[in-house]
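Student: I have a structure open on my screen and would like to learn how to read it. Could you walk me through some of its features?

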Amino acid sequence: MIYKWLNGYRSTHTFDFRYRIGLWTYPISSELVPGLNAYHGANVNQLPLWINRDLYVVESLDEWIDDGEKLYTRGPIRIVEHLTGWNKSTARLFATDCAERVLPIWERHRPNEDLLKTIQAAREYANGLIGRKEARRSRRLRCQQRCHPHPCQRPGRTRRRTSLAGPTHP
């Protein structure tokens, strides 16, 4: 199955081109140049690279060529189906899943237990368990805990500075 991300029925890169479900596009008769004059699609493994608002199933009368990041064809192509399971909620859940997958890598370099709590709050918001206000409050509290300096580093307190170059003389 070949997929295509669009912004509504509009192409994501060519604002004057609009797809119609079930209608074939014109084939490309000139030399095929991916990124310039080809119809693009994606297999299931390439979908995360091209996320946009709407996801469709497409077909082509010509073969699809795989360059690793995307598929392209001379066409003609047509949209067969609009996959309506992709929405703001599933996009947020996908983002939290991605964040959770890279969290161990991040924590090796900068341990922070608040990140998992923030991801959990985002997941609860996506699932409708908490509202926008609660999700923002959760994020803001964690940011305040992280961003506000320790009491001995607050303004008004001086810390003794040492220089690697040694003392300076007037």
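**Reading side-chain contacts**

Tutor: Gladly! Let's begin with W5, which counts as buried because its relative accessibility is 8%, under the 20% cut-off. Keep in mind that this is a predicted model.

Student: How many aromatic pairs does the structure hold, and how should I read one?

Tutor: The general idea is that a pair of aromatic rings is described by the distance of the centres and the angle of the planes. This structure holds two aromatic pairs. In one of them, the rings of W5 and W86 have centres 5.1 Å apart and planes at 70 degrees, so the pair is edge-to-face.

Student: Where do W5 and W86 lie along the chain?

Tutor: W5 is in strand 1 (residues 2-6), while W86 is in the loop between strand 6 and helix 1, so the pair ties together parts that are 81 residues apart in sequence. W86 itself is partly exposed, with a relative accessible area of 21%.

Student: Which residue forms an aromatic pair with W86 at 6.2 Å centre to centre?

Tutor: That is F94, and the pair is edge-to-face, with 65 degrees between the planes. F94 has a relative accessibility of 29%, so it counts as partly exposed. Together, W5, W86 and F94 form one aromatic cluster.

Student: Now for charged side chains. How many salt bridges does a search of the whole structure find?

Tutor: The search finds five. The idea is to look for a side-chain nitrogen of Lys or Arg within 4 Å of a carboxyl oxygen of Asp or Glu. D54 counts as buried because its relative accessibility is 11%.

Student: Which residue forms a salt bridge with R78?

Tutor: Its partner is E59, and the closest N and O atoms are 2.4 Å apart. This pair links distant parts of the chain, 19 residues apart: R78 belongs to strand 6 (residues 77-83) and E59 to strand 3 (residues 54-60). R78 is partly exposed at 27% relative accessibility, and E59 is partly exposed with a relative accessible area of 29%.

Student: What about R123 and E100?

Tutor: Their side chains form a salt bridge at 3.1 Å, N to O. The pair links distant parts of the chain, 23 residues apart, with R123 in helix 2 (residues 114-126) and E100 in helix 1 (residues 88-109). R123 counts as buried at 15% relative accessibility, whereas E100 is partly exposed at 32%. There is also a network of salt bridges here, linking D97, E100 and R123.

Student: How do I read a helix, and which residues of helix 2 are buried?

Tutor: An α-helix has 3.6 residues a turn, so residues three or four places apart point the same way. In helix 2, the buried residues are D114, I119, A121, R123 and A126.

Student: What follows helix 2?

Tutor: Helix 2 is followed by G128, and the phi of G128 is positive, near 80 degrees.

Note on methods: Residues are numbered from 1 along each chain as its sequence is written. Side-chain values use heavy atoms; hydrogens and water are left out. Buried means under 20% relative accessible area, exposed over 50%, partly exposed in between (1.4 Å probe, protein chains only). Helices (H or I, at least four residues) and strands (E, at least two) are DSSP runs, numbered from the N terminus. Rings of Phe, Tyr and Trp (its six-membered ring) pair if their centres lie within 6.5 Å; planes under 30 degrees apart count as stacked, over 60 as edge-to-face and the rest as tilted.
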